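Please read the following points with the model open beside you.

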Amino acid sequence: MTRPDQIVAMSGDLFAALPSPASIEPIAEGAAILRGFAAPAAPALIDAIEKISAQAPFRQMTTPGGYQMSVAMTSCGALGWVTDRKGYRYAGQDPQSELSWPDMPAAFLALANSAAAAAGFSDFAPNSCLINRYEAGSKLSLHQDRDEQDLAAPIVSVSLGLPAIFQFGGVKRSAPVKRYRLKSGDVVVWGGTARLAFHGIALLKPGHHSLTGSYRYNLTFRKAG
């Protein structure tokens, strides 16, 4: 297991080199996939997720309509995203423990900042990271990330573990939706005119990954407020 001090020490080296232009795949104006960008850091990121979830365990939240989400979630940073019958929102405390969310690891911050810069969004300083854990049969329906106060900041989404089909549409639900296969280490960044694009993850297929076993993890960085 990687110690926290090792994660901090490595973060500068892991993300010093930005991907070559050939590894950046534009998918819309203001949106791109950075293929393999986070792959070198994946083991350290998984170790960090394990430490975060030990403090704030994964849970399947309930939507305002009473639907239990198939994806298990937790958060780190100053604010965590939560949903229940009261609505979707950001909160400074984990509603289960009533304690502050775990601090965002230095490796997370370094990755988010470097990925945003590589996609053309400089000075990204997220204060929230939503961590999703998918297993076979789970999915995330098309939705917009619009609970954040600062919609000028991009979204940075990191894939770890099992591959998944990422669905990306337009700012209207009726817009055509394209599908992209994401592998472990791929990072999707969207902002600007694409900031409120509808997106989701198709039903995850069973599989095994050497790093995460039967799971897929996703880190979604936001500037929530």
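1. A charge is said to sit over a ring if NZ of Lys or CZ of Arg is within 6 Å of the ring centre and within 35 degrees of the ring normal. In this predicted model, the charged end of arginine 216 sits over the ring of tyrosine 134, at 5.0 Å from the ring's centre. Arginine 133 likewise lies over the face of tyrosine 215, and here the distance to the ring centre is 4.9 Å.

2. The structure holds 7 aromatic pairs. One of them joins phenylalanine 58 and tyrosine 217, with 5.9 Å from centre to centre and 45° between the planes, and this pair is tilted. Phenylalanine 58 belongs to the loop between α2 (42-55) and β3 (72-77), while tyrosine 217 belongs to strand β13 (residues 216-222), so the pair ties together parts 159 residues apart in sequence.

3. Are the two partners of this pair buried or exposed? Phenylalanine 58 has a relative accessibility of 16% and counts as buried. Tyrosine 217 is buried as well, at 12%. Both residues are also members of one aromatic cluster, formed by Phe58, Tyr215 and Tyr217.

4. Another pair consists of tryptophan 81 and tyrosine 88: it is stacked, with 5.7 Å between the centres and 15° between the planes. Tryptophan 81 is buried, at 10% relative accessibility. Tyrosine 88 is partly exposed, with a relative accessible area of 42%.

5. Two or more lining residues come from each of β6 (128-134), β7 (140-143), β8 (155-161), β11 (187-190), β12 (199-201) and β13. By class, the lining has 15 nonpolar, 12 polar and 8 charged residues.

6. What volume does the second largest pocket have? The value is about 200 Å³. Its lining includes Leu162, Pro163, Ala164 and Ile165, and also Arg179, Arg181 and Lys205. Strands β9 (164-168) and β10 (178-182) each supply at least two residues of this lining. The lining of the second largest pocket divides into 8 nonpolar, 1 polar and 3 charged residues.

Technical notes. Residues numbered from 1 in each chain as written. Predicted model: local features only at pLDDT ≥ 70, side-chain atom pairs only at ≥ 80, totals over all residues. Heavy atoms only, no water. Phe/Tyr/Trp six-rings, centres within 6.5 Å; stacked < 30°, edge-to-face > 60°. Helix = DSSP H or I, 4+ residues; strand = E, 2+ residues; numbered from the N terminus. Buried < 20%, exposed > 50% of the residue type's maximum accessible area, 1.4 Å probe, protein only. Nonpolar A, V, L, I, M, F, W, Y, C, P; charged D, E, K, R; others polar. 1 Å grid on protein atoms, 1.4 Å probe; cavity = no way out; pocket = protein on both sides within 12 Å on 5 of 7 lines; lining within 4 Å. Points joined across faces, edges and corners; volume = space filled by probe spheres on them.
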